[in-house]
Protein chains: 2
Amino acid sequence: MASDETIVNNGSEQYFEGVEKLLEIWFTTSDGDDKYADLRNIPRSKLESLMKIVRCEIISFVQNDQIDAYVLSESSMFISKRRFILKTCGTTTPLLCLEPLLLLTEKYAGFNEVEDLFYSRKNYKRPELQVTPHKHFDQEVALLDAIFPDGAAYCLGAVNRDCWYLYTLNPLPQRKRRVALPSTEPDQTLEILMTDLDPEVMAIFTKEECLNATEATKKSGIDKIIPNMVIDGFLFDPCGYSMNGVTKNGCYMTIHITPEPDFSYVSFETNIPSSSIKDTIGKVLETFLPGKFTVTVFTNQDSPSKNNTKEVLELHQIANKYNRRDVQQCSFKNYDLLYAFYTKFPS
Amino acid sequence: MASDETIVNNGSEQYFEGVEKLLEIWFTTSDGDDKYADLRNIPRSKLESLMKIVRCEIISFVQNDQIDAYVLSESSMFISKRRFILKTCGTTTPLLCLEPLLLLTEKYAGFNEVEDLFYSRKNYKRPELQVTPHKHFDQEVALLDAIFPDGAAYCLGAVNRDCWYLYTLNPLPQRKRRVALPSTEPDQTLEILMTDLDPEVMAIFTKEECLNATEATKKSGIDKIIPNMVIDGFLFDPCGYSMNGVTKNGCYMTIHITPEPDFSYVSFETNIPSSSIKDTIGKVLETFLPGKFTVTVFTNQDSPSKNNTKEVLELHQIANKYNRRDVQQCSFKNYDLLYAFYTKFPS
């Protein structure tokens, strides 16, 4: 998306960094009892103060029994009982809200431990325009290392071309664990980060072509990627688009679009378990027609999507149009990760 | 190893960087005809000049019909018909010899194309002691990118802890290849890079405990890791050890040891196809007793070891003594790569 205020406009130069910083934190309690703990007990005013630190604001909100979904001036925030997701683009500073957030979760939500944490982002197109500590992954890692002794930082893909950074917790394995691991709930996340998108598709996400988000959602076919979601969308003026979708059982999807031809960028993310990750990827590509894209798939042990990552591993080519240039797999404490990077065949 | 001249000795501080820079290049000819081409046609005097640029020298040499194996003052060099391997530790500068090497191969060896290239190294313990362009991976990548338009740079393992860097060629896939890929010969490389080694084992590789390399090779059990090799070893004064082993059919193994307790380091590398990579890893660990180590396994499509990497993928623990902290897999143009990092259980 591209709200006016965060576009860099130096005379002839206009630029907006669509690439998001994505922070996902799972909380727990040191005694394992979280009956009365809930992140949604943090007061709205405190969340608004938190977003000021991040340099963005809440512009829309939907909720159900399972999840609170916020559209932000720069992307999205999802809060459920014990999982906090903050995804922000432009020149926002989400890591600066980390320590205040940990204080809020202890004071209002009853959680005093971070069970797992994932901070990730694609390489920026213009890193020099970012605000400290987000100018360089090393800076981000230093900030996180100061808080988490067990943090591990990774770079997937080609460091000197398109790549994707991840910081997560990877504690030293113990010969005998003192306490049993908490039983995990099934979880998976699919993210597709696209650049060099089709200009005609991108034109849909401008006030010139659509009146509002509802029209853009329908015209682009976003509503058909994963059906039966409650959608909260926002069409920015003059251009840019954000949407959150939630299901009754607390799953989410979120799409953010920077349509400008010189720096077009679209992100798609969902935690809905899919019977075919390949089909979901195919639908997303048909909708947005990118020139290049990364795919990341996180699955934990109990995820029904766990075995579906194999089909992605076999996906050397897609639709006789895209060729895989990189593929990597990692294993972490609770999750397996697949990373792949595709580019369009030269036309 | 640790030849006197390259040890940093500032009064109380003594340090030697055992971690090697490893360069492996496969050559071909643009017309595919390499009947009369051979890297071993490069005159010895030219190789010696090349080693001056790298800041090391040839100290021992064995050869057979298939391979020339050099022990260097800092590690090893292996030259066969179309494959050049240079592995150098300390503060050597192997990337500076790259352009002179390409000129020599064209002039004397009859090869005018680089078919594949692998430049890799573990993170240094003391990067600030290195010489430009080897102080930082970004510098090394910039030098390589200036020569190879299709180069891709990767970092495996945790960037903020123990990790391993790789630069290789990863050309943009073509929808239809203009020329057929050359049929590859079976190839595989196993490398084990060990730190925090057992002081009693390390003491073997000193002039105090052994008279010469032959004694150290036998006493340590190095001769039993892979039997039936012609071994060319060197025991440095006062300490440090290097060995090359070659087989009749042109396979090699090489071991380099920096035994000083404050910065002990051992590297093991071989391209011998193994019926069990797991067993080879086990033998190497039993011989050197490291506290931490990385394992990397490269296999191409025709390698008989290709299916043996699966057993390494399942190797979460080794000998009830080591726990895997990181595991990653990548696929490149002609090779699959497995990276794993293990640490000893806290005692």
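Reader: Between which elements of chain A is the loop that holds A:Pro133?
Author: This is a predicted model, in which local features need pLDDT of at least 70 and side-chain atom pairs count only at pLDDT 80 or more, while totals for chains, interfaces and linings use all residues. Residues are numbered from 1 along each chain as written, chains are lettered from A and ligands numbered from 1 in written order, and side-chain values use heavy atoms, without hydrogens or water. With helices (H or I, at least four residues) and strands (E, at least two) taken as DSSP runs numbered from the N terminus, A:Pro133 lies in the loop between β8 (113-122) and α3 of chain A.

Reader: What is omega for the cis peptide bond from A:Thr132 to A:Pro133, and what is omega for the bond that joins B:Thr132 and B:Pro133?
Author: In chain B, B:Pro133 sits in the loop between β8 (113-122) and α3 (137-147), and the peptide bond joining B:Thr132 to B:Pro133 is cis, with omega about 10 degrees. In chain A, the bond from A:Thr132 to A:Pro133 is cis, and its omega is near 10 degrees.

Reader: What is phi of A:Arg55?
Author: A:Arg55 is found in the loop of chain A that runs between α1 (44-54) and β4 (58-63). Its phi is positive although the residue is not glycine, with a value near 70 degrees.

Reader: Which residues of α2(B) do B:Lys46, B:Leu50 and B:Ile53 meet?
Author: In chain B, helix α1 (residues 44-54) packs against helix α2 (residues 98-109) at an angle of about 170 degrees, and their axes are 11 Å apart. The two helices are therefore roughly antiparallel, a term for angles over 145 degrees. Through contacts (heavy atoms within 4.5 Å), B:Lys46, B:Leu50 and B:Ile53 of α1(B) meet B:Pro100, B:Leu101, B:Leu104 and B:Tyr108.

Reader: How many salt bridges are counted between chain A and chain B?
Author: The contact draws 34 residues from chain A and 34 residues from chain B. A salt bridge requires a side-chain nitrogen of Lys or Arg within 4 Å of a carboxyl oxygen of Asp or Glu, and between chain A and chain B the count is zero.

Reader: Which element gives the largest share of the side of chain A that touches chain B?
Author: On that side of chain A, α3 (137-147), β9 (151-157) and β18 (322-331) each supply at least two residues. The largest share, nine residues, comes from β18(A).

Note on methods
Axes fitted to C-alpha atoms, helices over the stretch in contact; angles between N-to-C directions. Parallel < 35°, antiparallel > 145°, perpendicular 65-115°, else oblique.
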